[in-house]
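This briefing is meant for a reader who is meeting the structure for the first time.

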Amino acid sequence: MEWPFADIGSADQRISRGKFPLTARRLLLPPSGRYRDEVNRETARLSLRPVEVDDLDGLCRLNADPQVMRFILDGSTLGREQTADRLAAMREHWREHGYGIFALRWRGTGEFVGWAGLATPAFLPEVMPAVEIGWRLLQQWWGMGIATEAAVDVLRFAFDDVGLDQLLSIRHVDNDASGRVMDKLGFQTDLRTTVPVYEQPVSVSRLAVEQYRAGPHCRGRLDRWPTFGTSRTPTSRWTPGSPSRDGH
Ligand SMILES: CC(C)(COP(=O)(O)OP(=O)(O)OC[C@H]1O[C@@H](n2cnc3c(N)ncnc32)[C@H](O)[C@@H]1OP(=O)(O)O)[C@@H](O)C(=O)NCCC(=O)NCCS
């Protein structure tokens with residue numbers, strides 16, 4: 001079982017079927033498996049689309065890296081078969097709820113960067129029912145503001161398109177980089193607790209839709225990073241709050 005998005009397929013039915021039934025369903029176009037514009041998204045530097053089978057190689061590279069997995073599960077890496085199982089669960093989550101994990105690709109080159117998106121934190125029963133936001137990037141892409149940029153767009157998706165009323169974000173207490181991303185997004189620490197299965201100490205943060213609407217969506221700078229293209233040198237062409245899907 002993967003952590004923190006453990007047991008992603010057994011989402012809470014009250015969230016998906018009771019509270020947001022129509023919104024979630026309208027986001028999908030079955031049975032072709034193709035998604036509407038709401039879920040195929042772009043930021044200044046990234047494309048976001050629901051994870052698909054062709055993301056498996058990238059996900060395998062992610063899950064095989066001990067540094068990436070350091071604060072996830074018990075810190076163990078995952079093999080290809082386990083990662084394929086996780087990918088199947090992620091895709092099932094999209095089918096069931098109409099929201100889930102996006103694969104992130106660098107718009108300039110199409111390279112797989114990692115993922116960001118929404119999941120059901122069933123591994124932490126005390127916070128259920130809930131939806132959490134999370135992120136995981138290949139190491140070579142760390143430190144460029146990418147997780148924050150992707151997450152800002154996932155917040156828009158969650159609150160503006162899906163219609164969720166709050167999100168949680170859950171991290172190992174020592175995962176300071178992830179905590180900083182949460183801070184920049186305006187999440188506020190709610191509680192510290194322990195994941196029962198792994199006995200891992202975690203910090204649970206929360207962002208309500210009212211806070212999201214009142215805030216700037218990002219409290220850090222995102223305008224110091226490169227925008228479109230292959231260059232990764234800083235630029236100042238994009239600022240938080242600018243349109244994310246206008247194709248610039
Ligand atoms: C967490 C993760 C997604 C962050 O991605 P990223 O693109 O580097 O994040 P960003 O650049 O948007 O923001 C990171 C912030 O944390 C800061 N940071 C990075 N490492 C840090 C550390 N060890 N301690 C404190 N702050 C740290 C950065 O300086 C930056 O803040 P700033 O913009 O104020 O300078 C990435 O490190 C990762 O994939 N880690 C492995 C998987 C993981 O742990 N996922 C989260 C599970 S809860």
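In this predicted model, Glu42 stands opposite Ser47, a residue of strand 4. The two strands concerned, strand 3 and strand 4, pair in the antiparallel sense over 2 bridges, and they form a hairpin with 3 residues between them. The protein that holds them has 7 helices and 10 strands, and of its 248 residues 44% count as buried.

- Asn40 itself belongs to the loop between strand 2 (34-35) and strand 3 (41-42), and with 14 other C-beta atoms within 10 Å it is partly exposed.

**Strands 9 and 10**

- Strand 9 (residues 188-195) and strand 10 (residues 200-208) run antiparallel to each other and pair over 7 bridges, with Leu191 standing opposite Val204 of strand 10.
- Asp190 is found in strand 9, where it is partly exposed, having 15 other C-beta atoms within 10 Å.
- Leaving aside its neighbours within four places in sequence, Asp190 is in contact with Val204, Ser205 and Arg206.
- Asp190 and Leu168, for their part, are 22 residues apart in sequence, and their C-alpha atoms are 9.0 Å apart in space.

**Backbone features to look for**

- Glu199 has a phi near 55°, which is a positive value in a residue other than glycine, and its place is in the loop between strand 9 and strand 10, where the hairpin has 4 residues between the strands.
- Glu199 counts as exposed because it has 8 C-beta neighbours inside 10 Å, and 12 or fewer is the cut-off for that class.
- The peptide bond that joins Met128 and Pro129 is cis, with omega about 0°, and Pro129 lies in the loop between strand 6 (112-119) and strand 7.

- Helix 4 (residues 80-97) has 18 residues and reaches 26 Å from its first C-alpha to its last, close to the 26 Å expected at 1.5 Å a residue.
- The buried residues of helix 4 include Leu87, Met90 and Trp94, as well as Arg86, Arg91 and His93, and the helix is followed by Gly98, whose phi is positive, near 85°.
- Helix 5 has 17 residues, which should span 24 Å at 1.5 Å a residue, and its end C-alpha atoms are 22 Å apart, which agrees.
- Because 14 of the 17 residues of helix 5 are buried, this helix is largely enclosed by the rest of the structure.
- After helix 5 comes Gly163, with a positive phi near 90°.

**The nonpolar core**

- The largest nonpolar core has 53 residues, of which Leu104, Ala116, Ala150, Ala151, Val154, Ala158 and Leu185 touch the most other members, and the largest share of this core, 11 residues, comes from helix 5.
- In soluble globular proteins, nonpolar side chains tend to be buried together.
- Once its neighbours within four places in sequence are left aside, Leu104 is in contact with residues that include Leu46, Leu48, Trp115, Ala116 and Ala150.
- Across the protein, among contacts between residues at least 6 apart in sequence, 66% join residues at least 24 apart.

**Around the ligand**

- There are 23 residues around the ligand, and of these Ala147, Thr148, Asp176, Ala177 and Arg180 come nearest.
- Strand 7 (132-137), helix 5 (146-162) and helix 6 (176-185) each supply at least two residues of the shell around the ligand, and helix 6 gives the most, with 5 residues.
- Sorted by class, the shell around the ligand has 12 nonpolar, 7 polar and 4 charged residues.

Technical notes. Residues numbered from 1 in each chain as written. Predicted model: local features only at pLDDT ≥ 70, side-chain atom pairs only at ≥ 80, totals over all residues. Near = placed C-beta within 6 Å. Nonpolar A, V, L, I, M, F, W, Y, C, P; charged D, E, K, R; others polar. Buried ≥ 20, exposed ≤ 12 C-beta atoms within 10 Å, placed from the backbone. Contact = placed C-beta atoms within 7 Å. Pairing = 2+ DSSP bridges. Core = buried A, V, L, I, M, F, W, Y, C linked by C-beta atoms within 7 Å. Expected span 1.5 Å × (residues − 1).
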